[in-house]
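Open the model in your viewer and keep the selection panel at hand. The stops below can be taken in order.

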Amino acid sequence: MSSQILSKYVIKRKIESGADGTVYKARRTDNGETVAVKIAKRKGDGFPIEIFNNLLLRRSGIDGIAKMIDYEVNSSEYMIVMECMPCDLYTYSMIKTLSEDESRNIVKQLVYILLNMQYKAGLSHMDIKIE
């Protein structure tokens with residue numbers, strides 16, 4: 001795969017594969033920043049909705065969401081470069097016993113973020129994992 005974006009990064013390892021694509025942990029070659037790179041097959045001829053939604057989120061300035069850094073679209077696939085979070089909430093809850101106060105604080109933050117997504121960007125989170 002030839003890509004201008006991928007030439008800026010060294011792929012370190014696969015993080016996860018899903019129905020829409022594969023996410024890799026990568027390192028930016030010019031500054032060493034660790035990022036997540038998603039590579040997904042295009043569906044149809046239009047602009048990928050995932051990139052469009054990320055552009056909306058970036059423009060709305062909502063905190064608490066991994067930010068899209070860059071993207072590229074070609075005829076067969078698209079790539080999204082995102083901030084790389086140290087772990088997801090499910091993994092965090094499996095390695096750390098959360099107190100009731102910590103759990104309440106996390107739920108409040110999640111509700112705040114989801115409400116901001118709805119009111120500032122007009123988006124609803126449609127990929128909440130069952131774990």
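What follows is a tour that goes from paired strands to cores, contacts and surface.

Before selecting anything, note that residues are numbered from 1 along each chain as its sequence is written, and that side-chain values use heavy atoms, with hydrogens and water left out. This is a predicted model, in which local features need pLDDT of at least 70 and side-chain atom pairs count only at pLDDT 80 or more, while totals for chains, interfaces and linings use all residues.

**Stop 1: a pair of strands**

Select residues 68–73, strand β4, and residues 77–83, strand β5; the two pair in the antiparallel sense over five bridges. Strands here are DSSP runs of E with at least two residues, helices are runs of H or I with at least four, and both are numbered from the N terminus. Two strands count as paired if DSSP finds at least two bridges between them. Follow the chain from β4 to β5 and you pass through a hairpin of three residues. Now pick Met68, and look across to Met82 in β5, which stands opposite. In a regular strand, side chains alternate between the two faces of the sheet.

**Stop 2: two cores**

Next select Ile5, Leu6, Tyr9, Ala26, Val35, Val37, Ile39, Met79 and Val81. These nine residues make up the largest nonpolar core. β3 (34–41) and β5 are the elements that give two or more residues to this core, and β3 gives the most, with three. A nonpolar core is a set of buried Ala, Val, Leu, Ile, Met, Phe, Trp, Tyr and Cys residues joined through side-chain atoms within 4.5 Å. Buried means under 20% relative accessible area, exposed means over 50%, and partly exposed is in between (1.4 Å probe, protein chains only).

**Stop 3: two rings**

How many aromatic pairs does a search of the whole structure find? It finds one. Select Phe47 and Tyr71: their ring centres are 5.9 Å apart and their planes are at 85 degrees, so the pair is edge-to-face. The rule takes rings of Phe, Tyr and Trp (its six-membered ring) with centres within 6.5 Å, and counts planes under 30 degrees apart as stacked, over 60 as edge-to-face and the rest as tilted. Phe47 is in the loop between β3 and α1 (49–60), and Tyr71 is in strand β4, so the pair links parts of the chain 24 residues apart. Phe47 is partly exposed at 44% relative accessibility, and Tyr71 is partly exposed at 31%.

**Stop 4: salt bridges**

A salt bridge is a side-chain nitrogen of Lys or Arg within 4 Å of a carboxyl oxygen of Asp or Glu. By this rule there are seven; three of them are shown here.

- Select Lys8 and Asp70, whose closest N and O atoms are 3.5 Å apart. Lys8 lies in the segment before β1 (9–17) and Asp70 in strand β4, so the bridge ties together parts that are 62 residues apart in sequence. Lys8 is partly exposed at 32% relative accessibility, as is Asp70 at 21%.
- Select Asp30 and Arg28, with a closest N to O distance of 2.6 Å. Is Asp30 buried or exposed? Asp30 is exposed, at 58%, whereas Arg28 counts as buried at 18%.
- Select Glu100 and Arg104, which meet at 2.8 Å, N to O. Both lie in helix α3, four residues apart, about one turn of the helix.

**Stop 5: a nonpolar patch**

Switch to a surface view and select Leu89, Tyr90, Tyr92, Met94, Ile95, Leu110 and Leu114, which make a nonpolar surface patch of about 670 Å². Patches are made of residues with over 30% relative accessible area and no salt bridge; like charges are joined within 9 Å, and nonpolar side chains (Val, Leu, Ile, Met, Phe, Trp, Tyr) within 5 Å. Accessible areas come from the Shrake-Rupley method with a 1.4 Å probe, and for residues only the protein chains shown count as cover. α2 (89–95) and α3 (100–121) each supply at least two residues of the patch, and the largest share, five residues, comes from α2.

**Last stop: along α3**

Finish with Leu115, in helix α3. Leu115 is partly exposed, at 41%. Its C-alpha atom is 9.8 Å from that of His125, ten residues away along the chain.
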